[in-house]
Amino acid sequence: MNKPSQSALGRRSLLSTGLALLAASPAARAQSGAAWPSRPIRIIVPFAAGGPADGLARMLGEQVLGPKLGQPVVVENRAGAGGVIGVAAAAGANDPHTLLFGSISMTIVPHLQAQPVGYDVVRDFTPLAQIASTPFLLVVPSGSRFTDVAALVAAAKTRPKGLSAANSGYGTLSHMTAELFNQGAGVELEPVVYRGEGVLMPDLLGGQVDLGFLTLSSVLPHLRAGTLRALAVAGAARLPELPEVPTLAEAGFPGIEVDGWQAMFAPRSVPPAAAARLSAILAEAMADPAIRARITGFGAVPASRSNADFATMVPEEFRRWGVLVKERNIRVD
C-alpha cells in the first residue's frame, strides 16, 4: 500500500485544523483571533470631540484600521473626570471589538484619586502602539528677568514659593511636570491653577504669573511673536521647531523628562492574536510618511518608540507617577 505523500499529509493537516476551528466554540475561535473582527470596531476616546486626541483616533480609524481590517471603525467620545470615564468604560467593555485611544493621563490620574478609578492600567490593557507625543516647554513672559533655567532655579531656591507656575488644571500633565521639576531641581514653585492653557495665557503673557510648563502647540505662536520665551524643553530631545532651545538635561537638570504620549490600547478582552495583528498594522502605519505628516498636522510629534519599547514603558510610567504623587503628597480634593 502506498504511503501518502508529504504534500498530501500537509493538505490533510490544514484541512483538519480548519475543521477543528470551525467546530470550536465562538469563544475558542475568538481567542485564536480567527473570527476577529466580525463586526465594526469601536475606539473609545476619553476626551471631548474636536480635540487632537479625537482627530488622531478618527484619522487612524478611517485611514489605517478600517481599510486594513475590512470593518467600519466608529469613534466614541467618553469625556470627563480627567479621562477616567472613558478609560474605565473601555476596561469594563469586555468586548474584543472595543479599543482605547489613551494618553499618559491614564497612568497619572489613578494615583490622584482617593477612590478606585475603575481600571488598572497594567492589568486591564494591552499597549498596542504609541502614536504621538505632546512636547512640553518651560516658558516665561518675554519681559521676565530669567533667560536660562539655572538663573530661575537659583532664584526659586532663595525664595521658596516665591515664583508662580501656571498650569492648565490640577493633576494635568502641565501641573505634574512642574511638580517633577520641583522634585528634580530642588525648588518649590507656587502652583496657580487654571482651567486650560487658553485661560492662563493672558496672565502669563502679562507677567501675572512667572512661568509655566505648557504644550508646544499652545506656546509656539507666542514664541514666534516674541511675547514668550522658552527656557527649556521638558523632554528627551530638542524640537525641530525650536532647535535653539535646550532640554532640561542640557540645561543642567537631568532626569526631568516628560513624554506626553498618546497611544492605542486593546482591552484584555481582545484576543492575543488580534492584538498582535493590530500592533503590526499600527507599526506599519507609523512608518508611513503620509501618516506621520497627518500626526504633525494635529500639533503632535509622531512617535518613534517601537511597540515593544512602549509596552515596557507603560508600567514604568505608572510606577514613576505613583512615586511622585506620594512623595509630593499630591491629591485631587
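## Basis of the model

This is a predicted model, in which local features need pLDDT of at least 70 and side-chain atom pairs count only at pLDDT 80 or more, while totals for chains, interfaces and linings use all residues. Residues are numbered from 1 along each chain as its sequence is written, and side-chain values use heavy atoms, with hydrogens and water left out.

## The sheet

The open sheet is formed by five strands in the order β7-β6-β8-β5-β9, with mixed pairing; strands (E, at least two residues) and helices (H or I, at least four) are DSSP runs numbered from the N terminus, and two strands pair if DSSP finds at least two bridges between them. At the edges lie β7 (190-193) and β9 (228-233), each of which pairs on one side only.

## Helices on the sheet

Helix α7 (residues 149-158) lies across β5 (136-141), β8 and β9, and runs at about 90° to β9, where angles run from 0 to 180 degrees between N-to-C directions and axes are lines fitted to C-alpha atoms, for helices over the stretch in contact. Helix α8 (residues 173-185) also packs on the sheet, touching β5, β6 and β8, with contact meaning heavy atoms within 4.5 Å.

## Confidence

The protein chain has a mean pLDDT (the predictor's confidence in each residue, from 0 to 100) of 91, and 89% of its residues reach 70 or more.
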